[in-house]
Amino acid sequence: MMEKYSITVICPHDIAEIRVIESVATCETTVLVCTECGEELEKPKTDCT
Ligand SMILES: [Zn+2]
């Protein structure tokens, strides 16, 4: 699934949370999203343990 992310699109809220968007085997893809409106504030990153 391809989505566009832009760091220039920042919502006015200042509360955010890490959301897991994909989990494959030992790898988790997480993204920082605004808790208020769900806007993605950073590009997703994948962490493998
Ligand atoms: Zn927001």
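1. Thr-30 stands opposite Lys-45 in strand β3. A strand here is a DSSP run of E with at least two residues, and strands are numbered from the N terminus. The model is predicted: local features need pLDDT of at least 70, side-chain atom pairs count only at pLDDT 80 or more, and totals for chains, interfaces and linings use all residues. Residues are numbered from 1 along each chain as its sequence is written.

2. Strand β3 covers residues 45-48 and is joined to β2 by four bridges, the two running antiparallel. Two strands count as paired if DSSP finds at least two bridges between them.

3. On to the partner strand β1. Eight bridges join β1 (residues 16-24) to β2 (residues 27-34), again in antiparallel fashion. Glu-22 stands opposite Thr-29 in β2, and Val-24 has Cys-27 as its bridge partner.

4. β1 and β2 form a hairpin with two residues between them. In the turn, Ala-25 has a positive phi of about 55°.

5. The three strands make an open sheet in the order β1-β2-β3, with antiparallel pairing. β1 and β3 are the edge strands, because each pairs on one side only. Neighbouring strands are turned by 30° against each other on average, direction ignored; the axes used are lines fitted to C-alpha atoms.

6. Asp-14 lies in the segment before β1. Is Asp-14 buried or exposed? Asp-14 is exposed because it has 9 C-beta neighbours inside 10 Å; the cut-offs for C-beta atoms within 10 Å, placed from the backbone, are 12 or fewer for exposed, 20 or more for buried, and partly exposed in between. The C-alpha atoms of Asp-14 and Thr-35 are 8.6 Å apart, with the two residues 21 residues apart along the chain.

Key
Axes are lines fitted to C-alpha atoms, for helices over the stretch in contact, and angles run from 0 to 180 degrees between N-to-C directions.
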